[in-house]
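The exercises below are to be worked with the sequence and the model in view. Each task is followed by a solution in steps.

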Amino acid sequence: HTVFTDNRMAGMSGLELCQVIKKLNIPCNMYIITNEILSIFKEQAKVAGAQNAFNPPLSTNDLKQILY
């Protein structure tokens, strides 16, 4: 399974969502879409359990590289 999440959501951030999924040991690949500065945010995302973080927009080619 694969999860793409925005980092800024009502009630829970993408980082928090990844932490919950990681804590529940749900096997999936997680990716966070964010407008944050990637050089800082990517490490936070990986600690939370995400495979990677990206700035929008993602093209079809970007998605293909991520998924395949």
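**Exercise 1.** Locate asparagine 25 among the elements and describe its backbone and its exposure.

*Solution.* Step 1: asparagine 25 is found in the loop between α1 and β2, where helices (H or I, at least four residues) and strands (E, at least two) are DSSP runs numbered from the N terminus. Step 2: its phi is positive, about 55°, although the residue is not a glycine. Most residues other than glycine have a negative phi, and most peptide bonds are trans. Step 3: asparagine 25 has a relative accessible area of 66% and is exposed; the classes are buried under 20%, exposed over 50% and partly exposed in between, with a 1.4 Å probe and protein chains only.

The model is a predicted one, in which local features need pLDDT of at least 70 and side-chain atom pairs count only at pLDDT 80 or more, while totals for chains, interfaces and linings use all residues. Residues are numbered from 1 along each chain as its sequence is written, and side-chain values use heavy atoms, with hydrogens and water left out.

**Exercise 2.** Find the cis peptide bond and state where proline 57 is found.

*Solution.* Step 1: the bond from proline 56 to proline 57 is cis, with omega near -5°. Step 2: proline 57 belongs to the loop between β3 and α3 (60–67).

**Exercise 3.** Determine how β1 and β2 pair and how the chain crosses between them.

*Solution.* Step 1: strand β1 (residues 2–6) pairs with β2 in the parallel sense over five bridges; DSSP must find at least two bridges for two strands to pair. Step 2: the chain passes from β1 through α1 to β2, a β-α-β crossover that is right-handed, meaning that the path from the first strand over the helix to the second runs clockwise when the strands point away from the viewer. Step 3: threonine 2 stands opposite asparagine 29 in β2.

**Exercise 4.** Identify the aromatic pairs and the cluster that they form.

*Solution.* Step 1: the whole structure holds two aromatic pairs (ring centres of Phe, Tyr or Trp, the latter by its six-membered ring, within 6.5 Å; planes under 30 degrees apart are stacked, over 60 edge-to-face, the rest tilted). Step 2: phenylalanine 4 and tyrosine 31 are stacked, at 5.2 Å centre to centre with 25° between the planes. Phenylalanine 4 lies in strand β1 and tyrosine 31 in strand β2, 27 residues apart. Step 3: tyrosine 31 and phenylalanine 54 form a tilted pair, with 6.1 Å between centres and 40° between planes. Phenylalanine 54 lies in strand β3 (residues 52–54) and tyrosine 31 in strand β2, so this pair ties together parts 23 residues apart in sequence. Tyrosine 31 and phenylalanine 54 are buried, whereas phenylalanine 4 is partly exposed at 34%.

**Exercise 5.** Which residue forms a salt bridge with arginine 8?

*Solution.* Step 1: the count comes to one salt bridge, that is, a side-chain nitrogen of Lys or Arg within 4 Å of a carboxyl oxygen of Asp or Glu. Step 2: the partner of arginine 8 is glutamate 36, the closest N and O atoms being 2.9 Å apart. Step 3: glutamate 36 is in the loop between β2 and α2 and arginine 8 in the loop between β1 and α1, 28 residues apart. Step 4: arginine 8 is exposed at 67% relative accessible area, and glutamate 36 is partly exposed at 28%.
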